[in-house]
Amino acid sequence: LSVYNTQCQQPQFMLKQTISRCSRTALQAPQKRNMGGGPYPYGLGVRKNKFIEEWNGRREITEKSFRVSGKNLGWILGLGVAFPFAVYAVTKDELSKTGGRRYKDMC
């Protein structure tokens with residue numbers, strides 16, 4: 001009888017606990033948050049700078065507005081091809097001069 005009685009009370013206890021949790025969160029007042037999590041009030045007088053907002057908007061759509069031209073083609077080839085090859089060449093030369101064990105495994 002005692003085992004049956006505790007099994008019947010288990011779902012009732014869980015139901016009470018669930019209802020009390022829901023009612024607690026519904027009755028709580030919403031938290032007020034300060035600007036940046038600090039002690040600054042909402043009425044601080046912060047205004048948006050239109051130039052920064054424009055720059056931020058352009059930065060977000062760079063991939064849509066980017067065009068390859070003669071001015072930036074050199075930079076693209078330099079940073080995309082020449083710079084990685086130069087790093088590879090310097091690293092390979094250094095490993096061949098020092099006789100690194102990993103360089104011997106590669107050859």
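**View 1. Glutamate 54 and arginine 58 are four residues apart in helix α2, a separation of about one helical turn.** Helices are DSSP runs of H or I with at least four residues, strands are runs of E with at least two, and both are numbered from the N terminus. The model is predicted, so local features are given only where pLDDT is at least 70 and side-chain atom pairs only at pLDDT 80 or more, whereas totals for chains, interfaces and linings use all residues. Residue numbers start from 1 along each chain as its sequence is written, and side-chain values rest on heavy atoms, with hydrogens and water left out. The side chains of glutamate 54 and arginine 58 form a salt bridge, with 3.4 Å from N to O; the term covers a side-chain nitrogen of Lys or Arg within 4 Å of a carboxyl oxygen of Asp or Glu. Glutamate 54 is partly exposed, at 42% relative accessibility, and arginine 58 is exposed, at 56%. Buried stands for under 20% relative accessible area, exposed for over 50%, and partly exposed for values in between (1.4 Å probe, protein chains only).

**View 2. Asparagine 49 caps the N-terminal end of helix α2.** A side-chain oxygen of asparagine 49 lies 3.1 Å from the backbone nitrogen of phenylalanine 51. Helix α2 spans residues 50-60 and is hardly covered: among its eleven residues, the count of buried ones is zero. In the whole protein, 4% of the 107 residues are buried.

**View 3. Lysine 97 and aspartate 93 form a salt bridge, with their closest N and O atoms 3.3 Å apart.** Both residues lie in helix α4, four residues apart, or about one turn of the helix. Lysine 97 is exposed, with a relative accessible area of 66%, while aspartate 93 is partly exposed at 37%. The search of the whole structure finds two salt bridges; the other view of such a pair shows glutamate 54 with arginine 58.

**View 4. The side chain of threonine 98 reaches two backbone oxygens, those of glutamate 94 and leucine 95.** The distance is 3.0 Å to the oxygen of glutamate 94 and 3.5 Å to that of leucine 95. Polar contacts are pairs of N or O atoms within 3.5 Å; within protein, one atom must be able to donate a hydrogen and the other to accept it, and residues adjacent in sequence count only if both atoms are side-chain atoms. Threonine 98 belongs to helix α4 and is exposed, at 56% relative accessibility.

**View 5. Phenylalanine 85 and tyrosine 88 are three residues apart in helix α4, about one helical turn.** The structure holds one aromatic pair. The ring centres of phenylalanine 85 and tyrosine 88 are 6.4 Å apart and the planes stand at 40°, so the pair is tilted. Rings of Phe, Tyr and Trp (its six-membered ring) pair if their centres lie within 6.5 Å; planes under 30 degrees apart are stacked, over 60 edge-to-face, and the rest tilted. Phenylalanine 85 is exposed, at 54% relative accessibility.

**View 6. Phe66, Val68, Leu73, Ile76, Leu77 and Val81 form a nonpolar surface patch.** Together these residues have about 540 Å² of accessible area. Patch residues have over 30% relative accessible area and no salt bridge; like charges are joined within 9 Å and nonpolar side chains (Val, Leu, Ile, Met, Phe, Trp, Tyr) within 5 Å. Leucine 77 sits in helix α4 and is partly exposed, at 48% relative accessibility. The accessible surface of the protein is about 10700 Å², and carbon and sulfur atoms account for 61% of it. Areas follow the Shrake-Rupley method with a 1.4 Å probe; for residues, only the protein chains shown count as cover.

View 7. The pLDDT is the predictor's confidence in each residue, from 0 to 100. The protein averages 75, and 60% of the residues score at least 70. Where pLDDT is low, the predicted coordinates should not be read in detail.
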